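Open the model in your viewer and keep the selection tool at hand. The stops below go from the whole chain to single residues.

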Amino acid sequence: MAETEYAVVLFYSTQGAIKAERALLRAGFAVKLIPTPRQLSSDCGTALRCAWADAEAVQAALEGAKVEYASIHKVTVNE
Amino acid sequence: MIYFDNAATTWPKPPGVAEAVLNFVQHIGGSPGRSGHRLAVEANRVVYDTREALATLFGVADPLRIVFTANVTEALNLVLFGYLRPGDHVVTTSMEHNSVMRPLRYLQSLGVELTVVPCSSEGVLDAADVEKAIRPNTVLLAVNHASNAVGTIQPVADIGMIARQHGLLLLVDAAQTAGAYPIDMDQMHIDLLAFTGHKALFGPQGTGGLCLGERVELDRLRPLTRGGTGSQSELEEQPDFLPDKYESGTANGVGIAGLGAGVRFVLEQGIENIRQHEQMLTERLLAGLQDIPGVCVYGTRDARRQTACVSFNIKGIEPSDVALRLDEEYAILCRPGLHCAPAAHRTIGTYPRGTVRFGLSYFNSVEEVDAAIRAVRNIAMKKH
Ligand SMILES: Cc1ncc(COP(=O)(O)O)c(C=O)c1O
């Protein structure tokens, strides 16, 4: 079993999550939309996950594309 | 069959619209923004992509500042009921559709002050008259971009300048122009752009929306409805961010999928090309109708100053009879009457009789225009 570190980005609006996904895919990042993990928020919405190694670059890309997000979290998953 | 009722709703639609609707129903179908599974996410992407296409078309920097509604009527009601308070003053025009006029008349009965600026008998609004109507308590100018009764295009950019200079918001009813005439919210200083999806944007019926400019204070603009948004489910209060604040309840995913295809078609064809084609048809139709003895054409009669919506009457025949004969004898479909705009018909002098309205679209041809002119000539001649 290997541990993988991910960055999970939370958004206010689920449409904001799609906006982020569209902007990051265009910028060449590998990202995935996931249901917002329960431990991060009780929200029923959508969150965005990418490799933790990309976290800073993703943050910069989101700011560059004027995509608003609520917070970024480090999540470790046993896969 | 010749379909000339595009000012009411466009038909046919570009082929991609039906395909997008079918694809959503058959293969996507999840609840946009509600669950995190792949079909819900895909549905949410479809909704976002339509927002993005609309943002490109109207020059909106952030697609999330576009909120979807059931039609332009709901978008207009959202602004009028959400923004105006008793004691506020609002300026509108005598060319408005009832979707602006009826909410405003009702709000007037609740204590909102209303000025209806008269337009010329050609339906033209003088921007200077709007400025003269402004009072210390004026908060909003609500203006029709183009008349659905006679097609007259109003000087919206000039009114936008006036709104800026006086610190007011400008609300534009773009039902007749969105998709048919270039609109840039920034350049025209439009703060609130209300559009309907089923006319020149070629979407299905039941789609529309509102673009919120950067100057709109969201704290002041109350939502028309509150409810589930798929976001902040832990809260019992309505979210205050966009677009969720103004989008409660499951979205019209099917319709919005079709609307996206319609808007992308407009972007691919190019709004300038669409306008050019419609203007050419309008010019031909105006000339042909005015050449018929006993036919009176209303509005500016200048294709450059109007949309592809042409209103006329035949002397001695009621508009409803003309429309019935056009349908039964020539398979030409149009709309007679007052077109939900009694104030506009008073302005151009056709109240209560109304007019016969030919609403053309990008999909109409020169041959169809010529056939319609011949049909009107025949009807007019038999009567004289
Ligand atoms: C100028 C104008 N405003 C508002 C409307 C209402 O549109 P809808 O029925 O899509 O809300 C229409 C068309 O019917 C219109 O032409």
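Helices (H or I, at least four residues) and strands (E, at least two) are DSSP runs, numbered from the N terminus. This is a predicted model, in which local features need pLDDT of at least 70, side-chain atom pairs count only at pLDDT 80 or more, and totals for chains, interfaces and linings use all residues. Residues are numbered from 1 along each chain as its sequence is written, chains are lettered from A and ligands numbered from 1 in the order in which they are written, and side-chain values use heavy atoms, with hydrogens and water left out.

**Stop 1: chain B as a whole**

Along the principal axes, the C-alpha atoms of chain B fill a box of roughly 75 × 55 × 30 Å. The radius of gyration is taken over C-alpha atoms, and the globule rule is 2.2 Å times the number of residues to the power 0.38. For 384 residues a compact globule would have a value near 21 Å, and chain B agrees because it has 21 Å.

**Stop 2: two domains**

Colour residues 2-10 + 271-383 of chain B as domain 1 and residues 15-269 as domain 2; such bounds come from an automatic or database domain assignment. The centres of the two domains of chain B, over C-alpha atoms, are 27 Å apart. Contact (heavy atoms within 4.5 Å) involves 33 residues from domain 1 of chain B and 35 residues from domain 2 of chain B.

Buried area is the accessible area (1.4 Å probe) that two parts lose on being put together, summed over both. For domain 1 and domain 2 of chain B this is about 2800 Å², with 57% of it on carbon and sulfur atoms. On the domain 1 side, select B:Ile271, B:Thr307 and B:Thr347: they lose the most area to domain 2 of chain B, together 20% of what that side buries.

Which residue forms a salt bridge with B:Glu122? The partner is B:Arg301, with the closest N and O atoms 4.0 Å apart. A salt bridge here is a side-chain nitrogen of Lys or Arg within 4 Å of a carboxyl oxygen of Asp or Glu. The rule finds one salt bridge across this domain interface of chain B.

Stay on B:Arg301. This residue is in the loop between strand E9 (295-297) and E10 of chain B. Phi of B:Arg301 is near 55 degrees, a positive value in a residue other than glycine.

**Stop 3: where chain B meets chain A**

Show both chains. Here 24 residues of chain B are in contact with 17 residues of chain A. Chain B and chain A bury about 1700 Å² between them. In chain B, select B:Asn44, B:Arg45 and B:Tyr48, which lose the most area to chain A. Four salt bridges cross this interface of chain B and chain A. Now select A:Arg26 and B:Glu52, whose side chains meet in a salt bridge (2.8 Å, N to O).

**Stop 4: a link across the sequence**

Select B:Asp5 and B:Arg357, a salt bridge at 3.7 Å, N to O. B:Asp5 lies in the loop between strand E1 (2-3) and helix H1 (15-28) of chain B and B:Arg357 in strand E13 (residues 355-359), so the pair ties together parts 352 residues apart in sequence.

**Stop 5: two cis peptide bonds**

Go to B:Leu242 and B:Pro243: the peptide bond between them is cis, with omega near -5 degrees. B:Pro243 is in the loop between strand E8 (208-212) and helix H7 (253-269) of chain B. Finish at B:Tyr351 and B:Pro352, where the peptide bond is cis with omega near 5 degrees. B:Pro352 sits in the loop between H10 and E13 of chain B.
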